[in-house]
Amino acid sequence: MAIAQAVRQRVLALVNLWAAWSGLSPDQGTQGPLSRPENPYLEGTRVTDRLPQSGNALWYRKPAANLASWSKDWLPIGNGYLGAMVTGGTTDDMIQLNIESFWSGGPFVNSSYTGGNPQAYKAVVLGDELSQIREAIFKSPIGETDTLAPLTYPGLNYGSYSGNGFIAVSRNTTASNSNYMRWLDLDSGLLKTAWSEGKTSFEREYFCSYPTRSCTAFIKSDRPLSDTLSYSFVPLRLLRDTSTSCVDSSTIKYRGQSIDSGMTFEFLAKVQTVPRNMVQCQMILADGKEAAVLTVKHATESWITWVGDTNYNIDAGGREHDFSFKGPDPHSSLTRILSMVKSLSYDELRQLHLHDYEEGFTSKFSLDLGASPNFAKSTKEQMEDYTREKGNAHLDLLLFNYGRYLLFSSGRGVLPANLQGVWAKDERPPWSADYHANINTQMNYWGAEITDLDVTDSLWDYMAKTWIPRGQETAGILYNTTRGWVTHNEMNIFGHTGMKDWGPWVSATWANYPASGAWMMSHVIDHLDYGSGSIEWWQEQGWPLVKGTAEFWLDNLFVDTFHDDGTMVVNPCNSPEQNPITFGCAHYQQMIWEVFNGIEKGFELSGDDDVAFLSEVRAKKARLDRGLHIGSWGQLMEWKVEKDKPTDLHRHLSHLVGLYPSYSIASYPEGGAVLDLTKSELFKAAATSLKHRGDGKGPDADAGWEKVWRAACWAQLGDGEKFYNVFKYAVDTNFGHNLFSLYDPQSSDPIFQIDANLGIPGAVMNALLQAPDTSSYDSPLVITILPALPKAWSGRGSVKGARVRGGIGISFAWRDGRPYDVVLRFDRMRAYQSREVQVVHNHKVIDWFVGEAGMVRKVEV
């Protein structure tokens, strides 16, 4: 009875923790004497005993504090399907839970959900109104109109990604602790805590296993636990119909629905112990409601493994399924998964994870920036020391590796990484934690191909299965187009492809962005060009995506009657998140030109015999305005009618998309010169625009992603010091102690948005290695080594296992800014079997040859 009462009191205290958690107990985080534990299995008490020798870890001297510090102190684990954030407490440890597909809204709450599209019968009227808008823009003396109101549509039942609640792990003890430390080991993908209580040493270990689609939290002590260890689920208050129950003596179930009673979710969690069978399940009354609690006593090891899923089915989103996206209840599949997982020992489960992590993450690619790790200062302390003036090369490397870790941990499930990867604590996270495809989704994947992360399958499936079916309807209803597909700026997991009405805001500013698909096609084309995607993949999935995008734009380009220059332009358009509503936005023109290039390059491999389509692409590409115009103050013009202002500090760099991450500027004049512009003139204009856009702290926002994008663009222009200056500014201004990218990190509860985290690997690699695309496979591929190496990293370093287009792997090292041991491996050539290659360093061609499949080329510098 005494044990039951103690457990009941502890769970009662934790039930309300989601709302207002008081923080750390006084004893947590204290530093004790440095001595080794009696059991050698447990980590030592010194920092160097615990951390990997590489220093490739985030580490801290105290547990994370309260729930408000979730975005800046808690640490993440995930496998794509599931995510978790962990405090690392000693007495009370909270594990916040996510399932990648758990959303409110959509057809789960309204079977008539249209994906943001007006009713089909309105297509004729909307087509007429759109024609009138186009005519008005061309006839306007300034090439503008005031509104696209007929085309926007309320985002009814758009929904939101949602957190699921917590697992509370509690020990019924009042013992003080010492030698505390927690760390996320990026060499192993293991999150750990260790501490001592008197003569007893403890260690916790957490990971999410991709092979088993499960997550595990383990605790070990070098003496049998005399206190009671309990595990319980703590639901989020706004979720509907939540319940927990005992499945058997060692397994509990947690079920519920989204805040609008739409989607169903379930978790199953099993506790195992050493010695075995030291666990029991009991139902207690907590907050007026029965709750299941698993309790452990007298064990030296205990671990809880959980699995979770929803009744969402991405394969049920087409017309043949009435766009329902509804799958079976998750219980049966979760039972099967847990049955397999529980047959494994903890060491077997751990080894499965470690093998998968090594194979997919650590063995293929590595970066060294030449800095030694600082074992004297925690990551928090190093972040507090980091400034724009001095930086920290080891922390730079840690941020790079962390960005890869976060994408690897959030992008391998059924759905791609969203605005928060796979981690969200609340029922309604900012911007719905959805998919914004006017920079954010793209930035999430900047580092994938070049650092050889196999994380994009879910991205292709997401576009093919949620964008195309509804996007075909959007093309017909909004644009009177009978072929192709289109989507706009904001997407959920239910095929929202229409123009989302923002209500009191100027809707077109955010909603009018039909170029999202065109920009995303650069990732599809790259997947083939880098050799990551097979010819079969290209024919079955890649080509239909790109062709459908091109078909839409073939029907939505119009002769420019404003300038009467014979070119074809988009009308209407908004440069992302900006007014005015006009025509010929540079961003659109550059992206469509690159899509048409992709069609020409990929047609022969596609298996498609639609030569009339290819001819139409070539004809309209020849007439397409490239979106490359220099304005009156030397800037690259964002709109074809000059509207640029030297004082515009807008967060987006949309007209510079062809500089980075795309290539219509970066590879210029390859593909044909425009109006006799030289490359130096174009780059000078891009630099002028970039300079006047500021460093990413304008009056409209203060986000990490805008600074990371600016840094990458300066790298593309070959300015290593400006690249690093803006990079450091981002780290100094927009990152928390847990290295999450945040809006206003000094806030008590800052907003987390993952795009800057995931963009850092791409931006850093762009300072070290560049190989922009070309309009033809017959054009030489120019690979530039160390194009923008900052002085702070110039002493020594290395890149091993990087990938560039052409199916080429590349490794090299540098000392005092000079590369050596440059090796190219032509081991994934798929689109072609030979390619002319130029290798450049310090503006000089250091090698020029034709690479062939299977070749290994050592470059003398």
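**Notes on the predicted model**

1. Starting with the packing: the largest nonpolar core has 238 residues, and the members that touch the most others are Ile95, Trp306, Met463, Phe596, Leu768, Ile783 and Leu824. Helix α8 (residues 393-410) supplies the largest share of this core, 11 residues. Apart from it there is another core, of 9 residues, including Phe207, Phe218, Leu344 and Tyr346. For the cut-offs, a nonpolar core is a set of buried Ala, Val, Leu, Ile, Met, Phe, Trp, Tyr and Cys residues joined through side-chain atoms within 4.5 Å. Buried is under 20% relative accessible area, exposed is over 50%, and partly exposed is in between (1.4 Å probe, protein chains only).

2. Some housekeeping before going on: this is a predicted model, with local features needing pLDDT of at least 70 and side-chain atom pairs counted only at pLDDT 80 or more, while totals for chains, interfaces and linings use all residues. Residues are numbered from 1 along each chain as its sequence is written, and side-chain values use heavy atoms, with hydrogens and water left out.

3. Have a look at Phe596. Leaving aside residues up to four places away in sequence, Phe596 touches Ala550, Trp553, Leu554, Leu557, Val617, Lys620, Lys621 and Leu624. Contact here is heavy atoms within 4.5 Å.

4. Helix α12 (residues 516-529) is worth a click. Its 14 residues reach 21 Å from first C-alpha to last, close to the 20 Å expected at 1.5 Å a residue (the expected span being 1.5 Å times one less than the number of residues). As for burial, 14 of the 14 residues of α12 are buried, so the helix is largely enclosed by the rest of the structure. Just after α12, Gly531 has a positive phi of about 85°. Helices (H or I, at least four residues) and strands (E, at least two) are DSSP runs, numbered from the N terminus.

5. Now a sheet. An open one is built from 4 strands in the order β26-β27-β31-β32, with mixed pairing. At its edges are β26 (769-770) and β32 (844-852), each with a single partner strand, so one side of each has no neighbour in the sheet. Strand β27 (residues 781-785) runs parallel to strand β31 (residues 834-841), paired over 4 bridges, and Leu781 sits opposite Val837 in β31. Two strands count as paired if DSSP finds at least two bridges between them.

6. There are cis peptide bonds to check. The bond from Val274 to Pro275 is cis, with omega near -5°; Pro275 lies in the loop between β14 (264-274) and β15 (279-286). Tyr668 and Pro669 are also joined by a cis peptide bond, with omega about 5°, and Pro669 is in the loop between α15 (611-623) and α16 (679-692).

7. Positive phi also turns up outside glycine. Asp241 has phi near 55° and belongs to strand β12 (residues 240-248); with a relative accessible area of 60%, Asp241 is exposed. Asn480 has phi near 55° as well, but is found in the loop between α10 (457-479) and β20 (490-491). At 55% relative accessibility, Asn480 counts as exposed.

8. Last, Thr48, in helix α2 (residues 47-50). Its relative accessibility is 46%, so Thr48 counts as partly exposed. Thr48 and Glu135 are 87 residues apart along the chain, and their C-alpha atoms are separated by 69 Å.
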